[in-house]
Amino acid sequence: MKEQPIIIDTSGSITNLNLTPAQQKDEFTMGIDQRSINEALASGLTAINMTMGYVFGKEDPFEQTVRQIAAWDALIRRTPESLRKVWTVKDIQAAHTNKQVGVIYGFQNAVMMGDNEHRVEIFANLGVRFIQLTYNTRNSLGDGSMMPENQGLTEFGRKVVHELNRHHVLVDLSHSGEQTCLDAIAASSQPTIISHTGCRALTNLPRNKTDRELRLVAESGGFVGIYFMPFLAIGRQFTSEDLIAHIEHAVNVCGEDHVGIGTDGSVTKIDDMQGYMTELKNEVDHRHATGIAATGERADIVPFLSDLSGTNKFMELADMLAKRGHSSGRIEKILGSNFMNAADRIWSA
């Protein structure tokens, strides 16, 4: 590729994981320092769907979410030369032109809606552009991927989907249970997306999506992002070969116009792996103890690709796809333009 392509990570972070847990949770910086910003820029990243707000825990979901949105607004105001808030696809294009990272505001749980679907309008007006219906467990909208009952979308969930459509917010079906996903696709009048997932046909884990789910999202005009996560393999450290296999399977199922990347990770490499592994064990133990972990999460498997990481990972992925025979046009679609097209259909509707 002669020119730097548009690269969009539909679920990721620019947090510096080398900072202490307290620094990463700091509500002023959110674990983002000049190093992590510089390395995100150096990677060629054009835009990223940044998870913010409540996902799980003991805090009030609505209050925590509004507070974090305000913190992100403040961070972007402090670093306008590097970061740009994304409201529309035009902002992503501007970020690419100006060599900034576009920050797309997104949720990985919709529990902050409480019992009021009209809160969607509040968050849309604050700039939220992705709202994922559930996390791994059950909420008032439906079952997450780890619920064996697989009960599907609730009536309240249908109301929230309607409001998301009405306010042109992306309906994100990552982490949802299979029936919740299928119900939401059927209930949505606009294309739906799965910002970060793998293919269950290749790796039979609950966090991955079946071919039926993938196909229906694509047929709706939507988008599927493949993650760089442990769910790409079972019982071992996953590799870039696994990632390529899942991308290629998704392309075969969905078509080349509906697949991209949602890494579910950050850019900055880990400096101290021993210290990181200690913190990873603490985090995995906590997630299992609180019941929010997904099958496949393990303390001895790092949640990133050790052979495809750091500032070169996106262009190295492009080179790997090229060596597999994928055209430059298809690679550019996977890196970013497929998401641009799907988002533009929804945000501009």
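A crossover is called right-handed if, with the strands pointing away from the viewer, the path from the first strand over the helix to the second runs clockwise. Helices (H or I, at least four residues) and strands (E, at least two) are DSSP runs numbered from the N terminus. The model is predicted, so that local features need pLDDT of at least 70 and side-chain atom pairs count only at pLDDT 80 or more, while totals for chains, interfaces and linings use all residues. Residues are numbered from 1 along each chain as its sequence is written, and side-chain values use heavy atoms, without hydrogens and water.

Strand β8 (residues 223–226) has both faces covered: F223 and G225 on one side, and V224 and I226 on the other, are all buried (under 20% relative accessible area with a 1.4 Å probe, protein chains only). The table lists the pairings of β8, where two strands pair if DSSP finds at least two bridges between them.

| Partner of β8 | Sense | Bridges |
|---|---|---|
| β7 (residues 193–197) | parallel | three |
| β9 (residues 259–261) | parallel | three |

V224 is the bridge partner of I194, and V259 in β9 is the bridge partner of V224. From β7 the chain passes through helix α8 (residues 211–219) to β8 in a right-handed β-α-β crossover. A right-handed β-α-β unit is also formed by β8, helix α9 (residues 240–254) and β9.

Helix α9 also packs with helix α11 (residues 313–323), their axes being 11 Å apart at an angle of about 65° (axes are lines fitted to C-alpha atoms over the stretch in contact, and angles run from 0 to 180 degrees between N-to-C directions). The contact (heavy atoms within 4.5 Å) involves S240, L243, I244 and I247 of α9 and L317, M320 and L321 of α11.

Notes:
Buried means under 20% relative accessible area, exposed over 50%, partly exposed in between (1.4 Å probe, protein chains only).
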